[in-house]
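Biologist: I would like to learn how to read charged side chains in a model. Can you take me through one, feature by feature?

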Amino acid sequence: RAPRGQEVVDVCFVLDLTASMGHIIDACKAHVAAIIRGLLSELEVGELRVAFVGYRDWGERNNAAHPRVVALPFVGHAGAEALAERIGRESAYGGADMAEDVLSGMEAARDLEWRGDVRVCLFIADAPAHGWTGYDGPYGSDDFPDGCCPDQRGKSLPGVVLQLADDKGVDQEKRDEGRRVLGHAAGHGVQRLRVLHIVGAQ
């Protein structure tokens with residue numbers, strides 16, 4: 001581990017970009033940008049690296065303007081402000097049913113090039129993952145109640161979260177308006193997830 005003050009810190013933001021986030025998306029993007037700028041100015045470490053993952057749903061799999069997953073790789077101090085500005089250009093779109101494709105978002109976060117001495121993933125959403133709503137489709141509930149979109153057979157959200165935590169050494173912060181956003185992942189062996197509620201974001 002690097003000496004104190006010389007640590008490399010990796011912070012990844014995972015954000016729900018579906019239409020249901022429309023009423024709070026601007027506040028979420030502003031909070032993410034403020035966190036990035038605050039870390040840049042206040043965190044006394046050797047290097048801060050930030051990344052961003054936004055996800056939508058199966059219906060956006062062929063949408064070039066509003067893609068299913070937006071993954072922006074880690075950048076250092078020099079690129080952090082540009083990353084914050086790029087996040088600000090994303091908009092809330094898609095996601096016809098209640099549940100969203102959280103699995104693809106967490107896969108994209110897992111697949112980033114993590115290398116920090118400290119590794120943190122902040123998850124921001126307002127809707128559950130497929131398979132964790134307690135309902136099944138069509139619209140207004142869960143079109144994929146088994147937890148997988150058609151191209152995700154054999155995968156599971158708890159499995160991917162475990163890979164992110166154990167294989168990549170990431171400490172995950174869940175920030176959401178409902179404890180069920182990641183389903184029952186904490187009850188499937190992921191005990192390090194913390195829940196920090198965002199209530200009445202303006």
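Biologist: Which side chain of opposite charge is nearest to Glu60, and how far away is it?

Modeller: This is a predicted model, so keep that in mind throughout. A salt bridge needs a side-chain nitrogen of Lys or Arg within 4 Å of a carboxyl oxygen of Asp or Glu. For Glu60 the nearest opposite charge is Arg56, at 6.0 Å. Glu60 therefore has no salt bridge, given the 4 Å cut-off.

Biologist: Where does Glu60 sit, and what does it touch?

Modeller: Glu60 lies in the loop between strand 2 and strand 3. Setting aside neighbours within four places in sequence, Glu60 is in contact with His66, Pro67, Arg68, Tyr93, Gly94 and Gly95.

Biologist: Tyr93 is on that list. Where is Tyr93, and is it buried or exposed, or partly exposed?

Modeller: Tyr93 is in the loop between helix 2 and helix 3. With a relative accessible area of 36%, Tyr93 counts as partly exposed. Beyond four places in sequence, its contacts include Arg56, Glu60, Asn63 and His66. Leu17, Thr18 and Ala19 are also among them.

Biologist: What does Arg56 pair with?

Modeller: Look for a partner of opposite charge, then check the N to O distance. Arg56 forms a salt bridge with Glu90, at 3.3 Å from N to O. This pair links distant parts of the chain, 34 residues apart. Glu90 is in the loop between helix 2 and helix 3. Arg56 is in the loop between strand 2 and strand 3. Glu90 and Arg56 are both buried.

Biologist: Which residues form a network of salt bridges with Arg56?

Modeller: Arg86 and Glu90 are linked with Arg56 in a network of salt bridges.

Biologist: How many salt bridges does the structure hold?

Modeller: There are 11 salt bridges. Take Glu81 and Arg37, whose closest N and O atoms are 2.7 Å apart. Glu81 is in helix 2 (residues 77–88) and Arg37 in helix 1 (residues 25–42), so the bridge ties together parts 44 residues apart in sequence. Glu81 is partly exposed, at 32% relative accessible area. Arg37 is partly exposed too, at 37%.

Biologist: How do helix 1 and helix 2 pack?

Modeller: Read the angle between the axes, then the distance. Here the angle is about 170°, and the axes are 9 Å apart. That makes helix 1 roughly antiparallel to helix 2. Helix 1 makes the contact through Lys29, Val32, Ala33, Ile36, Arg37 and Leu40. Helix 2 brings His77, Ala80, Glu81, Ala84, Glu85, Ile87 and Gly88. Arg37 and Glu81, the salt-bridge pair, are among these residues.

Biologist: Back to the loops. What does Arg68 pair with?

Modeller: Arg68 forms a salt bridge with Asp151, with 2.8 Å between the closest N and O atoms. Asp151 is in the loop between strand 4 and helix 4, and Arg68 in the loop between strand 2 and strand 3, so the pair ties together parts 83 residues apart in sequence. Asp151 is partly exposed, at 44% relative accessible area. Arg68 is buried, at 11%.

Biologist: Where is Asp97, and which opposite charge is nearest to it?

Modeller: Asp97 lies in the loop between helix 2 and helix 3. The nearest side chain of opposite charge is Arg61, 11 Å away. Asp97 is buried and has no salt bridge. Next, check for polar atoms. The backbone nitrogen of Asp143 lies 2.7 Å from a polar atom of the Asp97 side chain.

Biologist: What joins the side chains of Asp126 and Ser20?

Modeller: A polar contact of 3.0 Å joins them. Asp126 is in the loop between strand 4 and helix 4. At 22% relative accessibility, Asp126 counts as partly exposed. The C-alpha atoms of Asp126 and Glu100 are 9.6 Å apart.

Biologist: How does the whole chain read?

Modeller: Start with the order of elements. From the N terminus, they run β-α-β-β-α-α-β-α-β-β. That gives four helices and six strands. Of the 202 residues, 49% count as buried. Then turn to contacts with a separation of 6 or more: residues 24 or more positions apart account for 75% of them.

Terms used
Residues are numbered from 1 along each chain as its sequence is written. This is a predicted model: local features need pLDDT of at least 70, side-chain atom pairs count only at pLDDT 80 or more; totals for chains, interfaces and linings use all residues. Side-chain values use heavy atoms; hydrogens and water are left out. Helices (H or I, at least four residues) and strands (E, at least two) are DSSP runs, numbered from the N terminus. Buried means under 20% relative accessible area, exposed over 50%, partly exposed in between (1.4 Å probe, protein chains only). Lys and Arg count as positive and Asp and Glu as negative; His and the chain ends are not counted. A polar contact is a pair of N or O atoms within 3.5 Å; within protein, one must be able to donate a hydrogen and the other to accept it, and residues adjacent in sequence count only if both atoms are side-chain atoms. Contact means heavy atoms within 4.5 Å. Axes are lines fitted to C-alpha atoms, for helices over the stretch in contact, and angles run from 0 to 180 degrees between N-to-C directions. Angles under 35 degrees count as roughly parallel, over 145 as roughly antiparallel, 65 to 115 as roughly perpendicular and the rest as oblique.
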